[in-house]
Every structure is written in C-alpha cells, then in structure tokens.
Amino acid sequence: MWKAGNFLLRSQNMYRFPMRWFSGSQDTVESSILDQLRGVEGVNVSKLSSKCTFKEIGLDSLAQIEMYSSLEDKFKITLSDEDTDGVKSVPDLVKIILSKL
C-alpha cells in the first residue's frame, strides 16, 4: 500500500481518504464545541450538554458566529451561511462539521 496525495492505493482498488478526515471524530468535534461554549460569556454552563440547544444555554447569534469562526480555524474547514442556517443545537453543529471533514 502506498500513499499518493489524498488517496490510499492498494492493489487495483483506490480508496479516497481526505487527510484532514483523520483529524476529527464525533467525540473530538463534540468536545471541541462544548469547550468553545464553556468559554463564551453569558452561556449557562450548568445546562451545557452534548444534546443541548443554543437557546437553552443562552447563546446569542453574535457568539454563535464567533464560535463558528473558531471551529473553522480548529478543524481547517469553511462553514458557509447555508451550512449554518438552521443550526439550533450541538448535535446539528457536530453533524455539519463532520460532513466537512
């Protein structure tokens, strides 16, 4: 098996694995989001969980945008407005970030 660019090649079969895919799993993404939320002023940390909505914890829209920017830097991805429209909870955001990795 040898590596060429973003592909792992084996015999006649070609498997595509983007190299940045290996930088995050669901647990890693979830814990990164929760860590970001713990640092946001005004967030009710006592209600913070892997299933919480942003409304439940008191996250305002400006803080949400700043969090997206930090997560883009951390995971080296780009989150467009279309990606983040309708994101209301931690599980929603985890799903979108995983789709970008």
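How many residues apart in helix α1 are D35 and R38, and about how many helical turns separate them? The two residues are 3 residues apart, which amounts to about one helical turn within α1.

## Overall architecture

The structure described here is a predicted model. Its protein chain contains 5 helices and 3 strands. Read from the N terminus, these elements follow the order β-β-β-α-α-α-α-α.

The protein chain comprises 101 residues, and 34% of them count as buried. Among contacts in the chain with a separation of 6 or more, 46% involve residues 24 or more positions apart.

## Packing of α1 against α3

Two packed helices are described by the angle between their axes and the distance between the axes. Helix α1 spans residues 26-38 and helix α3 spans residues 61-75. Their packing angle is about 140°, and their axes lie 11 Å apart. The range from 65 to 115 degrees is roughly perpendicular and angles over 145 are roughly antiparallel, and α1 and α3 are therefore oblique to each other. The crossing of α1 past α3 is right-handed.

## Packing of α1 against α5

Helix α1 also packs with α5, here at an angle of about 125° and with the axes 10 Å apart. The arrangement of α1 and α5 is therefore oblique, and their crossing is right-handed.

The α1 residues Q26, V29, E30, I33, L34 and L37 meet V90, L93, V94, I97 and L98 of α5. By class, the residues in this contact of α1 with α5 comprise 9 nonpolar, 1 polar and 1 charged.

## Salt bridges

The model contains 2 salt bridges. One of them joins D35 to R38, with the closest N and O atoms 2.9 Å apart. Both residues belong to helix α1, where a spacing of 3 residues places them about one helical turn apart. R38 has a relative accessible area of 46%, so this residue is classed as partly exposed.

A salt bridge also links D83 and K100, whose closest N and O atoms are 2.8 Å apart. D83 is located in helix α4 (residues 81-84) and K100 in helix α5 (residues 90-100), so this pair ties together parts of the chain 17 residues apart in sequence. K100 has a relative accessibility of 26% and therefore counts as partly exposed.

A63 is a residue of helix α3. Its relative accessibility is 11%, and A63 therefore counts as buried, the cut-off being under 20%. A63 and L37 are separated by 26 residues in sequence, while their C-alpha atoms are 9.0 Å apart in space.

K76 is situated in the loop between α3 and α4. The phi angle of K76 is near 55°, a positive value in a residue other than glycine. With a relative accessibility of 63%, K76 counts as exposed, since the exposed class begins over 50%.

Methods
Residues numbered from 1 in each chain as written. Predicted model: local features only at pLDDT ≥ 70, side-chain atom pairs only at ≥ 80, totals over all residues. Heavy atoms only, no water. Axes fitted to C-alpha atoms, helices over the stretch in contact; angles between N-to-C directions. Helix = DSSP H or I, 4+ residues; strand = E, 2+ residues; numbered from the N terminus. Parallel < 35°, antiparallel > 145°, perpendicular 65-115°, else oblique. Left-handed = near helix turned anticlockwise from the far one by under 90°. Salt bridge = Lys/Arg side-chain N within 4 Å of Asp/Glu carboxyl O. Buried < 20%, exposed > 50% of the residue type's maximum accessible area, 1.4 Å probe, protein only. Contact = heavy atoms within 4.5 Å. Nonpolar A, V, L, I, M, F, W, Y, C, P; charged D, E, K, R; others polar.
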